[in-house]
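Let's walk through this structure together, one feature at a time. Have the sequence and the 3D view ready.

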Amino acid sequence: MANLLKKFRIDASCVEQTEGVNKKPSKESIDAFRRLPVNEELGDAKIEDQKVLRTIRIGELVRQNCSEDTRLVVISIPVPVTDVTTPLMYMSWLEVLSADLPAPVLLVRGNQTNVLTFYS
């Protein structure tokens, strides 16, 4: 990633890769998600959808690993399932990913495949 940023002439002094994405998010993060308007759709049901839990966890990890010196956060946004994910749910995912960060957030739409390509 650092080499790719350099090829694009983006000065990056620190590129963080974080582990623990597949762990369950904290109760505080789940409660913060439930405070969003999407809670009307969820009702009192326990959140068991793995995509929702993973998105909450990624937002939690981003907040934990950002310092006051962070100048830009780049996040690959989740791809919604057309017939299943409501617009309110999708906007809540984006909110939980980007809320309360000390720097601007660049949300990048990918194809959910870990690929970095640069043709020189």
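In which helix do K27 and D31 both lie, and how many residues apart are they? Both belong to helix α2, 4 residues apart, about one turn of the helix. Before going further, please note that this is a predicted model, in which local features need pLDDT of at least 70, side-chain atom pairs count only at pLDDT 80 or more, and totals for chains, interfaces and linings use all residues. Residues are numbered from 1 along each chain as its sequence is written, and side-chain values use heavy atoms, with hydrogens and water left out.

Now the overall layout. The protein chain has 5 helices and 2 strands (DSSP runs numbered from the N terminus: helices are H or I with at least four residues, strands E with at least two). Along the sequence they come in the pattern α-α-α-α-β-α-β. Of its 120 residues, 29% count as buried (buried means under 20% relative accessible area, exposed over 50%, partly exposed in between, with a 1.4 Å probe and protein chains only).

Back to our pair. Side chains of opposite charge can pair when their charged atoms come close. K27 and D31 form a salt bridge at 2.9 Å, N to O (a side-chain nitrogen of Lys or Arg within 4 Å of a carboxyl oxygen of Asp or Glu). K27 is exposed, with a relative accessible area of 59%, while D31 is partly exposed at 28%.

The count comes to 2 salt bridges. E60 and R57 make one at 2.4 Å, N to O, and they sit 3 residues apart in helix α4 (residues 50-65), about one helical turn. Both E60 and R57 are buried.

Among the lining residues are E28, F33, R63 and D100.

Conventions. 1 Å grid on protein atoms, 1.4 Å probe; cavity = no way out; pocket = protein on both sides within 12 Å on 5 of 7 lines; lining within 4 Å.
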